[in-house]
Amino acid sequence: MVPLSWYIILSAVVFSIGVVGFFTRRNLIMIFMSIELMLNSVNISLVAYSHYLQSMRGQVLVFFVIAVAAAEAAIGLAIIIAYYRNNPTIKVDEINLLKG
Amino acid sequence: MDMSSGFSLLSIRPIVPELTMICTALILLLLDLIVKKKEVVAVVGIAGTLVALYGTLRLYGFSEPLTVFSDMFVLDGYSNFFRLIFYLNVILTICISLRYMVIEKASFGEYYALLIFATTGMMIMASASDLIVLYLGLELMALSTYILAGMMRKQPRSNEAALKYFFLGAFSSAFFLYGISLTYGLTGTTNLKDIAASLQTLNITGNPMVLLGLIFMIVAFGFKIALAPFHMWAPDVYEGAPTSVTAFMSVGPKAAGFAVLGRVLFSAFGAMQIQWDSILIPLAVITMATGSIIALAQTNIKRMLAYSSIAHAGYMLLGIIAGTPGGLASTANYLMIYAIMNIGAFAVVIMLRREGFQGENLDDYMGLAKSHPVASALMLVFMFALTGIPPTAGFIGKFYVFMEVIDAGYTYLAVIAVVFSVISAFFYLRVVMYMYMRDPREEVALATSPSMNFALAVTAVMILVIGVFPSVLLDLVKFSIPGLL
Amino acid sequence: MVKYILIPLLPFIAFVINILFGRNHIKDKAHWIAVPAVFASFILAVSAFMDVLGGKVININIYSWIVSGDFNVSIGFLIDQLTAVMLMVVTSISTLIFIYSIGYMHGDGGYYRFFAYLSLFVFSMLILVMANNFLLLYFGWEAVGLCSYFLIGFWFHKKSAADAGKKAFIVNRFGDFGFGLGVILIFLTFGSLEYVKVFENAGSVAGQTISILGYQFDTITVICLLLFCGAVGKSAQLPLHVWLPDAMEGPTPVSALIHAATMVTAGVFMVARSSPLFNLSASAMATVAVVGGVTAIFAATIALVQNDIKRVIAYSTVSQLGYMFLALGVGAYTAGIFHLYTHAYFKALLFLASGSVIHALHDEQNMQKMGGLKKYMPITYWVFILASLSISGIPGFAGFFSKDEILWRAYLSGGLGRFLWFLAAAAALLTAFYSFRLIYLTFHGKFRGTPEQERHLHESPPVITVPLMILAVGAVAAGWVGIPPIFLEHADRIGEFLAPVLGHPAGEGSHAEELAVMGISIIAGLAGILIAYIMYIRKTDLPGKLGAMFQPVYRLLYNKYWVDELYGKTIVQPTLKASDRIILGFFDAKIIEGIVNGVPALIGAFSRRFRTIQTGLLSSYGLAMVLGAMFIIGFWIFLR
């Protein structure tokens with residue numbers, strides 16, 4: 001039996017990777033995937049807690065998170081495409097029309 | 001989750017306004033396919049909102065909070081008061097959008113549907129008594145506003161605004177979820193009341209992991225209400241988004257963010273007030289400073305109003321820092337007033353936008369008083385209100401927040417806030433000065449419409465009425481948020 | 001209760017209607033809105049006066065604007081004897097001047113604007129006198145000031161008018177700053193701003209001290225002096241009198257209503273209203289008396305040699321206000337208010353009559369270019385004579401009773417008061433002299449203007465002369481309510497009426513003394529008239545000779561003691577040089593611009609520096625969020 005703390009540490013590590021990825025990656029898609037990593041790290045910990053606490057709430061929330069993440073992916077990719085049509089780049093450090 | 005309590009049609013009464021809004025939004029989507037005229041879509045949208053408003057008013061009088069879905073959703077005075085802000089926000093936004101979206105060539109039927117969806121999300125947030133529902137409401141609101149920000153598909157600035165808003169919003173949602181998971185793991189529940197109970201029974205109010213979960217949630221809420229240093233998205237998004245959406249975003253998500261921040265902190269983490277107070281106090285000070293100071297250097301009025309909205313978030317936070325029901329009531333009161341004056345100001349900004357003329361620069365306001373005395377007078381009222389000069393409503397908003405924070409023993413915060421209000425007067429009154437004391441450089445024509453005039457009249461009158469008869473609003477706030485939650 | 005609320009509300013409604021619809025719809029019919037409104041409020045004021053006369057004192061809180069804990073800001077009216085007198089003065093004179101303005105302002109491009117501002121002024125003034133707390137008083141105080149600046153600069157395209165408006169604004173800032181501080185200090189000391197509560201507790205605060213820069217000062221004295229600062233500014237006393245003569249750039253009805261009869265007396269009213277506080281501070285009272293007495297003679301000497309008809313009357317106003325403060329300072333509040341009341345009539349009359357003259361001469365104000373108008377303008381001439389007799393203190397006329405009461409009370413108070421009495425009696429002689437100098441120069445002798453002007457000389461229309469005649473009745477008879485007991489027992493009606501609020505003045509004197517004091521002032525008045533007669537009718541070359549003989553004195557007076565130049569050299573220019581960015585702003589409507597661009601230059605530099613944090617890059621925004629979160633977490637979880 002894998003103890004709870006391992007899951008939690010895994011979750012924390014994956015979340016941190018996602019966070020670091022968010023501001024080190026230059027490609028929009030990679031940043032987007034970093035966010036997905038963060039969301040899924042949360043899913044890991046939620047399921048682990050849910051199992052540990054023997055309560056269904058965590059798993060219910062996981063389903064919601066997955067569903068919302070799907071919607072988010074749809075909208076996010078649509079926004080990226082809309083952006084790409086006007087400015088053919090997905091390099092994040094070239095996106096600074098608005099600043100100051 | 002306890003499903004044994006059963007589900008009957010009667011028990012959905014508390015969510016009738018939300019259902020009405022959802023139905024309205026769906027009808028709008030369908031209607032858009034059939035009807036060519038967007039005005040019809042807009043009017044139906046307003047009508048649907050009014051029906052929801054009626055529903056809310058019918059539900060307003062209950063002294064006991066109504067709960068539904070196993071205590072996941074609560075309808076009380078607190079959420080009802082915030083609903084009023086949301087209704088006002090969406091109706092006024094639709095009024096000021098009609099002509100503007102045509103000018104921007106972004107007049108799509110789904111625009112109105114999305115506004116209503118976003119509003120529904122806010123309403124759910126205000127009523128959520130469970131973190132799961134809260135998350136759903138938040139995402140419904142957030143996803144809709146991401147699209148709204150990018151509504152002008154052909155304009156790079158709008159694209160960029162949507163992009164930034166989306167990525168940072170998703171980033172902050174992840175923080176929120178991580179906060180939820182920590183809280184859930186340690187307290188074993190996601191229900192706000194049960195969290196409060198668990199904190200007491202398990203005696204873990206001092207546990208650093210609980211605090212970590214709370215901090216993560218504060219980061220996410222701080223993002224929505226644009227608290228420094230989580231505010232960086234706001235100026236860019238406000239500037240790039242269609243102005244009507246900016247008006248909508250600067251009020252709605254902020255109010256919803258404050259609603260959940262207040263409810264989560266007071267109802268779930270009430271026992272940890274010392275901790276969250278000392279987290280929020282530096283945030284409030286930094287927020288007021290950032291907003292007021294950086295706004296001075298702005299030349300784009302939308303961007304200036306964005307920084308102003310950041311500064312206002314700092315003032316509003318003071319009511320929550322006070323940590324009393326009165327303090328929370330003063331924040332709610334401030335939000336209502338802020339909604340009115342901010343939308344009014346944006347309405348004037350929108351009027352300046354015409355085909356081929358951006359009208360967003362401060363220079364475009366030069367000598368406006370000569371060519372358009374009424375519009376200038378209205379802008380003067382809104383700028384005075386945002387500054388907090390009596391007898392406008394802005395003064396009442398600030399005054400009550402400051403009084404509450406002083407009563408709670410944080411006099412120094414009130415002093416800091418007054419200092420920053422004085423600094424903020426410089427950039428608000430600069431607009432007035434440009435309008436009244438400079439010579440016009442070029443003739444500026446205004447894009448007015450009946451609905452725009454209506455919105456302007458309503459906001460200006462409300463600002464003055466609340467300024468002179470504050471008890472009208474204050475009685476409502478006090479009635480809505482008595483002992484709280 | 002509605003009745004009392006309507007008194008100030010009616011002029012306000014008139015203001016709103018005229019300002020909203022005046023430009024496009026009402027235009028030259030603006031008086032049909034304003035005059036009935038102010039007349040109706042006069043009728044209501046009379047009715048309120050009757051209520052007070054019947055022994056009723058009204059103190060109502062109409063509306064609590066802000067209630068938060070113990071802090072309560074309410075809009076409430078107090079109508080007691082003092083307010084009732086003020087109500088009568090303000091509404092009656094306003095009504096007459098409104099009617100007069102129909103004729104005087106006829107054909108002016110800003111006709112509706114004029115009536116709108118004037119109505120707003122009446123509203124503000126009524127709020128000022130009816131307030132039952134210091135905050136509302138302060139509101140009215142600032143509001144009348146604002147209207148006054150608008151109206152002084154009414155002909156804003158005329159540079160001198162715009163400058164005069166700004167000058168009035170700036171000079172009044174000094175006084176109002178003190179007044180504002182005084183109100184704040186009252187709140188800090190008493191925890192309330194309501195008259196009733198403040199005056200009730202005044203006694204218990206007596207003797208308390210506050211520390212300013214390490215020195216201990218008597219709290220009440222500090223409060224009173226701060227309040228008096230405001231009065232000095234608003235009522236144009238030394239050393240802040242400089243704005244009032246320049247304010248004559250405004251239309252003549254404005255000079256009459258605001259700068260003679262009502263607004264400038266607000267300072268007198270405020271000090272009288274605060275008499276329970278002033279009574280507790282002998283040094284504040286002495287200050288008031290000295291400032292009043294010195295101003296009375298100072299302004300009178302300047303008036304002797306001025307040639308602009310309105311300026312002579314303006315300096316006369318400053319001087320008469322000095323009398324009122326002298327009365328307040330020696331504790332004779334009733335006498336001060338009595339003089340305020342009589343002065344309102346005869347001074348409004350003088351201004352309106354001079355307006356009639358100016359009108360007939362097509363805006364000529366220099367008396368050296370007038371003369372011989374008697375036969376062209378008989379009504380104007382005769383009302384001028386009546387008003388001048390009144391101001392000169394000739395027995396039987398209104399001015400005599402009130403001025404005599406002041407002189408007698410000053411004399412009675414002894415010591416310093418005796419000296420001030422001497423100054424005031426001397427000023428009485430000067431008053432009579434300059435008043436009749438004005439009449440002789442204007443109405444007697446030969447016409448000295450252009451033949452073109454002479455051809456157009458005519459008496460003013462009835463809409464102007466009828467108000468003059470009504471005011472003339474006031475200028476003669478207004479004083480009959482305050483006949484001193486020495487002539488008629490129980491005829492000092494106004495003194496007895498006001499006594500419940502203002503108390504009886506202290507001091508007793510023998511009848512012989514009283515008659516002697518009275519005799520001296522009558523002689524002074526007659527002597528002044530006689531000298532003027534000799535100099536300007538009999539030996540008309542005498543003024544020139546005297547002027548040449550006493551060249552330095554003449555120039556000193558003609559240049560108004562060079563006070564304006566003194567301020568220019570010592571205050572205005574150095575500040576201009578030191579920080580022309582900010583102060584220059586005051587002078588060419590850049591006041592806000594100066595503050596907006598100048599003061600925050602430092603913060604602006606910060607601002608531009610901080611702006612660069614906002615790089616526009618998504619990654620750095622994300623980083624900022626994470627760093628913020630890390631900072632909080634680090635501080636709270638690891639450092640603690």
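## A tour of chains B and C

Start by selecting B:Ala255: leaving out neighbours within four places in sequence, B:Ala255 is in contact with B:Phe82, B:Ile85, B:Phe86, B:Met122, B:Leu335 and B:Ala339 (contact: C-beta atoms, placed from the backbone, within 7 Å). You are looking at a predicted model, where local features need pLDDT of at least 70, side-chain atom pairs count only at pLDDT 80 or more, and totals for chains, interfaces and linings use all residues. Residues are numbered from 1 along each chain as its sequence is written, while chains are lettered from A and ligands numbered from 1 in the order in which they are written.

Together with B:Ala255, they touch the most other members of the largest nonpolar core, which has 252 residues. Such a core is a set of buried Ala, Val, Leu, Ile, Met, Phe, Trp, Tyr and Cys residues joined through C-beta atoms within 7 Å; buried means that 20 or more other C-beta atoms lie within 10 Å of a residue's own. Now colour helix H13 (residues 325-352) of chain B, which gives this core its largest share, 20 residues.

Zoom out to the whole of chain B. The C-alpha atoms of chain B fill a box of roughly 70 × 55 × 40 Å, taken along the principal axes.

Last stop: show chain C beside chain B. Their contact takes 32 residues from chain B and 29 residues from chain C. On the chain C side, H29(C) supplies the largest share, eleven residues.

Conventions
Two residues are in contact if their C-beta atoms, placed from the backbone, lie within 7 Å. Helices (H or I, at least four residues) and strands (E, at least two) are DSSP runs, numbered from the N terminus. A residue is buried if 20 or more other C-beta atoms lie within 10 Å of its own, exposed if 12 or fewer, and partly exposed in between; C-beta atoms are placed from the backbone.
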